[in-house]
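Have the structure open and follow along.

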Amino acid sequence: MGEDNASPNLYKTSMEKYVHIELHGDNNHDHISGFNVKIIEGLGTDVPDFVNSKGYVPKQGDMIYLLPGVNIPRVKLKDLALNLGIRVVRDPEKANIIFSGKSSMGKMTGSNWYYIADAEVILNNVKEICKDEYYIEKLVTALDASGATKICSDWSDMRNCLAKDHGHFNSGYIYAVDEDHADVYNAIQGKPIYNETELITNINGDDSTIIDEEVFQQLKNMFESSDSDNHVLAMEIMANSHYEKSVLYLQMLLSNYCYQISNSHTKSHVNFKSMLSYFNWLPRDIGNRSAETIVRIIDDKGLLTVDMIKRLYKEYTHSIHGNINYDDVFEVKEITIKQEYLDKLNLSSLNLINPEPEENLEVTSQLQEIMHMIDEIIPDELIEAVLTDIKTNDFEIELTATEESNPVSESELNKTEEESNNNQIEETNGGNDLDWF
């Protein structure tokens, strides 16, 4: 069941305490007449959500609690619970696994923008320009009681007075848990909290629709239809698809048809919002995205393949070319000129981004010129004669090789020569009265 052996402190989402100062109206950069002090507790801007764990694997007996803002259809959760032997509970105290959505932080907390500085710097400054010991003691007491190391205030008080010429200050949201959700927040402390996308991955099983090239083309036709009912049906197919196996085409559809999707009421349906949550999106995040951005989204999920890169290039060729100077994924390795101009310049190739050394180009050009001159100077008859001579030489070489492979003794050679001479004499004597010398 979950991560039972893990230390509760491992999953603690710690609140930080701040001392908030609100100056009275008659203060200026070199005089503080008085101020109000209060201690506030909240999560800083460096805590974007409640998530503290990754890699959820469903286990039989898991008790799951869904924080406000999680977008998972209850019907699908029921099927998942039956298939995997897990339970979804309404009491966070009974749960051993917590799931948080992108909007959970916003639903459970209230946020205020503050300007924040080091407490010691501000305290020293206040001691210099505030002459009333009552307020100085009030501030010291608040710092000691809270253990706060930071003081926060609004822009005017911080810039013009509290931190005037006395150090650097930052700004950001401080998220304070609403009273209505304080019990839930306290109950989930020390428990593993996962992003809802890790549960959504298990929602649509292997029998779900896989959006491949064929289904993608069908959905494109539906979105390009003027009938809004087709748009709704296409979005329902997307919402009920196998997200991991359809991730490329889901991203292309969400980008290419963001206008139709954004103008459909179905974008707020729990099923479609669940699909958006797989990408950690809300309906407001739907919009046109570049191929580069889609690559990063898929890569973050560990699903990127070479075929996906090729398909994205095919789909977004023109936009990739148009933004190539600002693209961190795609790059141009070679720019050349058309064959017509390569021929005119007597070049076999030309890479303008990574050019060859000039001497290599000259050698290539000279070689092509020599070959052209050879074609013009040497007639076809001469080439044929040369080839014939080569064939004759080959024959003589072959005959010599045959003789060497079958050697004849010297006595046999002499006997052969005598027989040959006798034959010549006989033929001569029986001839046509020709004199032979």
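Throughout, two residues count as being in contact when heavy atoms of theirs lie within 4.5 Å. Keep in mind that this is a predicted model.

Let's start with Gln251, which sits in helix 10, residues 247–256. Is Gln251 buried or exposed? Its relative accessible area is 1%, and buried means under 20%, so Gln251 is buried. Setting aside neighbours within four places in sequence, Gln251 contacts Phe279, Trp281, Arg289, Ile294 and Ile297.

In soluble globular proteins, nonpolar side chains tend to be buried together. Here the largest nonpolar core has 54 residues, and the ones touching the most other members are Leu199, Met238, Leu254, Phe272, Met275 and Phe279. Helix 10 gives this core its largest share, seven residues. If you click on Leu254 and skip residues up to four places away in sequence, you'll find that it touches Met238, Ile261, Phe272, Met275, Leu276, Phe279, Trp281, Ile286 and Gly287. There's another core apart from this one, with 25 residues, including Ile129, Tyr135, Leu143 and Cys161.

Next up is helix 12, residues 270–278, which is mostly covered: seven of its nine residues are buried. Those buried residues are Asn271, Phe272, Ser274, Met275, Leu276, Ser277 and Tyr278. What do they pack against? Their partners are helix 10 and the helices in this table.

| Helix packed against by the buried residues of helix 12 | Residues |
|---|---|
| Helix 1 | 74–84 |
| Helix 7 | 197–200 |
| Helix 9 | 228–239 |
| Helix 11 | 258–262 |

Just after helix 12, Asn280 has a positive phi of about 60 degrees.

Over to another pair: helix 3 (residues 119–129) and helix 4 (residues 133–146) pack at about 165 degrees, with axes 10 Å apart. Angles over 145 degrees count as roughly antiparallel, so that's what helix 3 and helix 4 are to each other. Their crossing is left-handed. On the helix 3 side, Ala119, Leu123, Val126 and Lys127 meet Ile136, Leu139, Val140 and Leu143 of helix 4. Sorted by class, this contact has seven nonpolar, no polar and one charged residues.

Last stop: the loop between strand 2 (35–42) and strand 3 (63–66), where you'll find Leu43. Leu43 is buried, at 0% relative accessibility. Leu43 and Tyr173 are 130 residues apart in sequence, yet their C-alpha atoms are 8.4 Å apart in space.

Definitions and conventions
Residues numbered from 1 in each chain as written. Predicted model: local features only at pLDDT ≥ 70, side-chain atom pairs only at ≥ 80, totals over all residues. Heavy atoms only, no water. Helix = DSSP H or I, 4+ residues; strand = E, 2+ residues; numbered from the N terminus. Buried < 20%, exposed > 50% of the residue type's maximum accessible area, 1.4 Å probe, protein only. Core = buried A, V, L, I, M, F, W, Y, C linked by side-chain atoms within 4.5 Å. Axes fitted to C-alpha atoms, helices over the stretch in contact; angles between N-to-C directions. Parallel < 35°, antiparallel > 145°, perpendicular 65-115°, else oblique. Left-handed = near helix turned anticlockwise from the far one by under 90°. Nonpolar A, V, L, I, M, F, W, Y, C, P; charged D, E, K, R; others polar.
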